[in-house]
Amino acid sequence: VHNIILEASGLIVSLFKTLHPVGHQLVNIMSTATGLLQFRARRGPLSALAAVASLKSALDQLATTGGQAALSTDASPPMINWVFLGPPGVGKGTYATRVAKAFGIPHIATGDLIRAEIATGSDLGAKMKSIVNQGKLLPDEIVQEVLQLRLSKGRQEGERGFLLDGFPRTRAQAEQLLRTTDIGLVLNLGLREEVLVEKCMGRRLCRHCGKNYNIANIYLAPGPEGQPEIVMPPLNPPPECAPHLEVRADDREEVIRHRLEVYKQEAAPVEQFFREAGLLVDFEITSGIPETMPLLMPLLQSYVGRRANERK
């Protein structure tokens, strides 16, 4: 087992050197290989020898295909212009952050952009601050302006795309986004409502370190209408954080269900628009992030470089 682990480790290093010109491929290879090991381990009893041998076999195959790809092209990495949608509590921000890092693209949340622009004290920022201080929603035109400024800056700096998190929120925003930007994929993350409620009620924030945890230990048997089994273990805090945990004031069941109902009403026209445009892909989450990422990454890989005029 020790020798096989060493061989696999050496192969990983050689892969890194080979794929450096297209480093995003390395991340996908590592995600796939790690996912394989996790998946095989969960299927049932598996010896360490068999598990690591499976990992090495996968890396051998990936080294051949990935290395050839790296050596056979001088083209720039393909563009990735994606949008992630999903209800409150689905983990959209967490998945977006990890996926963006894996593919080497910026994770863009319009809320962060707006706060940053206001902080600069620019004319646009001052205008937005005045509107927000009056308790009003920012007009779509202003939100689009802030977003397009960020995307333009990214293109000038050589970014190979972006991942928009939770935007657009209205059909009008979606229509305007497609008029101004070439979107290749809109991923709609889904999770059964009872699980969303339980997840939100299990959220905890450590006042001491600022990290988020979730004490919900979720198991749902397969549903009568074909719903899959859902297994989501808790993300428990370390002992030193336990005395400092607090619950968000709005993480109460009635408030959570109201938020979900509002989201469904607002999201339905957006989802319909992107579905009609041939861009929407539904992805149902049935387990925790460590188990979901190895399933999600190969799906996303198939959309790398896809443009709006190549919709499936």
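Predicted model: local features only at pLDDT ≥ 70, side-chain atom pairs only at ≥ 80, totals over all residues.
Helices here are DSSP runs of H or I with at least four residues, numbered from the N terminus. Glutamine 144 sits in one of them, helix H7.

**Helix H7**

- Buried residues in H7 are Ile142, Val143, Gln144, Val146, Leu147, Leu151 and Gly154.
- As a general point, an α-helix has 3.6 residues a turn, so residues three or four places apart point the same way.
- What do the buried residues of H7 pack against? Their partners are strand S2 (107–108), helix H5 (110–120), helix H6 (123–133), strand S3 (161–165) and helix H8 (171–180).
- Just after H7 comes glycine 158, with a positive phi of about 85 degrees.

**A closer look at glutamine 144**

- Is glutamine 144 buried or exposed? Its relative accessibility is 3%, and buried means under 20%, so glutamine 144 counts as buried.
- Leaving aside residues up to four places away in sequence, glutamine 144 touches Phe167, Gln173, Gln176, Leu177 and Thr180.

**A cis peptide bond**

- Phe167, one of the residues that glutamine 144 touches, is joined to proline 168 by a cis peptide bond, with omega at about 10 degrees.
- Proline 168 belongs to the loop between S3 and H8.
- For background, most peptide bonds are trans.

**The second largest pocket**

- The second largest pocket holds about 430 Å³ of space.
- Its lining is made of 15 residues, and Leu137, Leu138, Val143, Arg169 and Gln173 lie nearest the centre.
- Two of these names have already come up: Val143 is among the buried residues of H7, and Gln173 is one of the residues touched by glutamine 144.
- Which helix gives the most to the lining of this pocket? That is H5, with four residues; H5 and H7 each supply at least two.
- Sorted by class, the lining has six nonpolar, four polar and five charged residues.

- Strand S4 runs over residues 185–190 and is mostly covered, with six of its six residues buried.
- Leu185, Leu187 and Leu189 point one way from S4, while Val186, Asn188 and Gly190 point the other way.
- Strand S1 (residues 80–85) pairs with S4 in the parallel sense over four bridges; here leucine 85 has asparagine 188 of S4 as its bridge partner.
- S4 also pairs with strand S10 (residues 280–284), in the parallel sense and over five bridges; glycine 190 has glutamate 284 of S10 as its bridge partner.

**An open sheet of three strands**

- Three strands form an open sheet with antiparallel pairing, in the order S6-S5-S9.
- Why is one side of S6 and of S9 left without a neighbour in the sheet? Strand S6 (212–214) and strand S9 (245–246) stand at the edges and each has a single partner strand, so one side of each has no neighbour there.
- Strand S5 (residues 203–206) pairs with S6 over three bridges in the antiparallel sense, and arginine 203 stands opposite asparagine 214 in S6.

Methods:
Residues numbered from 1 in each chain as written. Heavy atoms only, no water. Buried < 20%, exposed > 50% of the residue type's maximum accessible area, 1.4 Å probe, protein only. Contact = heavy atoms within 4.5 Å. Pairing = 2+ DSSP bridges. 1 Å grid on protein atoms, 1.4 Å probe; cavity = no way out; pocket = protein on both sides within 12 Å on 5 of 7 lines; lining within 4 Å. Points joined across faces, edges and corners; volume = space filled by probe spheres on them. Nonpolar A, V, L, I, M, F, W, Y, C, P; charged D, E, K, R; others polar.
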